[in-house]
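Please look at the sequence and the model first, then read the points below.

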Amino acid sequence: MSKIESDSEWILPNNLKAVEGREKNKGISEVDVKSDFGSYRMLLAGAKTEDSLIGQHNCIGIRAQVYSQILVATVKIPSTRSFALADVGCGAGFVTAAIHERYPKAQIHGFDIAEDAIAYANKAFAPIEFFVQPINGNEPLKQKYDLVHAMEFYPFTRTNSLEIHLSYINGLANSLRPGGTLVITAANTEKCINNNLSEIQNQLSSTLDIQIVQQPSYQIFRYIPVLPLANMLTAIVNKILGRPGSRIWLIKNK
Ligand SMILES: C[S@@+](CC[C@H](N)C(=O)[O-])C[C@H]1O[C@@H](n2cnc3c(N)ncnc32)[C@H](O)[C@@H]1O
């Protein structure tokens with residue numbers, strides 16, 4: 001099997017950097033807000049949410065708030081605990097900031113390849129610290145963390161490449177402190193990590209404990225914030241409407 005499908009090569013860090021370079025070289029009126037990098041550039045320049053289309057690239061507003069509640073309910077870490085969390089592929093930091101509100105005592109670091117997203121996040125969401133880092137699955141993060149969180153992070157959500165999934169899971173699990181958890185959230189799209197579940201479990205079962213749970217719908221969890229009930233209703237609604245739904249991976253070193 002090839003390392004990555006040719007139509008997914010754009011997610012490789014060098015290719016993302018090339019797109020970022022092109023968006024940065026444009027005049028501000030020519031920026032393409034349909035691309036993440038263009039949207040981040042407009043957001044940093046002070047454009048309104050609607051004009052930057054940031055809501056199409058990042059989880060923002062009430063969805064970020066509800067998602068952070070879902071995360072707390074899923075990982076079951078008490079909000080009073082002090083611990084270290086890394087949010088990888090954090091974009092402009094809306095979800096990172098919502099997580100920080102739930103865990104005000106935690107040390108939280110956000111990482112993203114996009115310079116403008118990180119510049120915006122550092123301005124908007126201090127004292128959380130955000131870093132420009134192209135994550136490649138080999139190099140460790142800045143330090144070890146109790147929770148490494150990846151929400152709709154391209155290496156897990158825009159390719160079916162098992163090699164990419166294995167390498168990023170192993171790389172990010174290496175940045176966990178003992179007892180720590182790697183949390184990956186991914187919608188069930190045509191190309192995503194969820195498609196490789198059994199193969200990943202087969203290949204990594206000697207070193208990692210991997211659990212998969214359903215992610216409840218935002219609309220349902222917002223009004224019924226009880227995880228088992230919200231998950232049951234989500235499964236029913238997804239079945240009726242033929243919606244793919246999302247999965248949350250919870251991975252620990254053995
Ligand atoms: C769909 S956005 C999700 C942003 C945020 N997690 C959220 O859900 O709101 C994916 C983000 O991952 C970042 N990204 C993709 N591949 C990356 C890599 N290899 N290293 C660092 N960041 C990456 C992109 O720049 C983008 O900001």
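Which of the 23 residues around the ligand come nearest? They are Asn58, Gly89, Gly91, Ile113 and Ile135. This is a predicted model, in which local features need pLDDT of at least 70 and side-chain atom pairs count only at pLDDT 80 or more, while totals for chains, interfaces and linings use all residues. Residues are numbered from 1 along each chain as its sequence is written.

**Around the ligand**

- Helix 1 (13–25), helix 6 (94–102) and helix 8 (154–157) are the elements that give two or more residues to the shell around the ligand; a residue is near a molecule if its C-beta atom, placed from the backbone, lies within 6 Å of it.
- Helices (H or I, at least four residues) and strands (E, at least two) are DSSP runs, numbered from the N terminus.
- The shell has 16 nonpolar, 4 polar and 3 charged residues. Here Ala, Val, Leu, Ile, Met, Phe, Trp, Tyr, Cys and Pro count as nonpolar, Asp, Glu, Lys and Arg as charged, and the others, Gly among them, as polar.

- An open sheet of 7 strands has the order 3-2-1-4-5-7-6, with mixed pairing; two strands pair if DSSP finds at least two bridges between them.
- Strand 3 (129–132) and strand 6 stand at the edges with a single partner strand each, so one side of each has no neighbour in the sheet.
- Strand 1 (residues 84–88) runs parallel to strand 4 and is joined to it by 4 bridges. Aspartate 87 stands opposite histidine 149 of strand 4, and alanine 86 has valine 148 as its bridge partner there.
- Strand 4 also pairs with strand 5 (residues 176–187), in the parallel sense, over 6 bridges; histidine 149 stands opposite valine 183 in strand 5.
- Strand 7 (residues 246–253) pairs in the antiparallel sense with strand 5 over 6 bridges and with strand 6 (residues 208–215) over 8 bridges.

**Burial and core**

- Why is strand 4 largely enclosed by the rest of the structure? Of its 7 residues (145–151), 7 are buried, so the rest of the structure largely encloses strand 4. A residue is buried if 20 or more other C-beta atoms, placed from the backbone, lie within 10 Å of its own.
- The largest nonpolar core has 61 residues, of which Val88 and Val95 touch the most other members. Such a core is a set of buried Ala, Val, Leu, Ile, Met, Phe, Trp, Tyr and Cys residues joined through C-beta atoms within 7 Å.

Key
A residue is buried if 20 or more other C-beta atoms lie within 10 Å of its own, exposed if 12 or fewer, and partly exposed in between; C-beta atoms are placed from the backbone.
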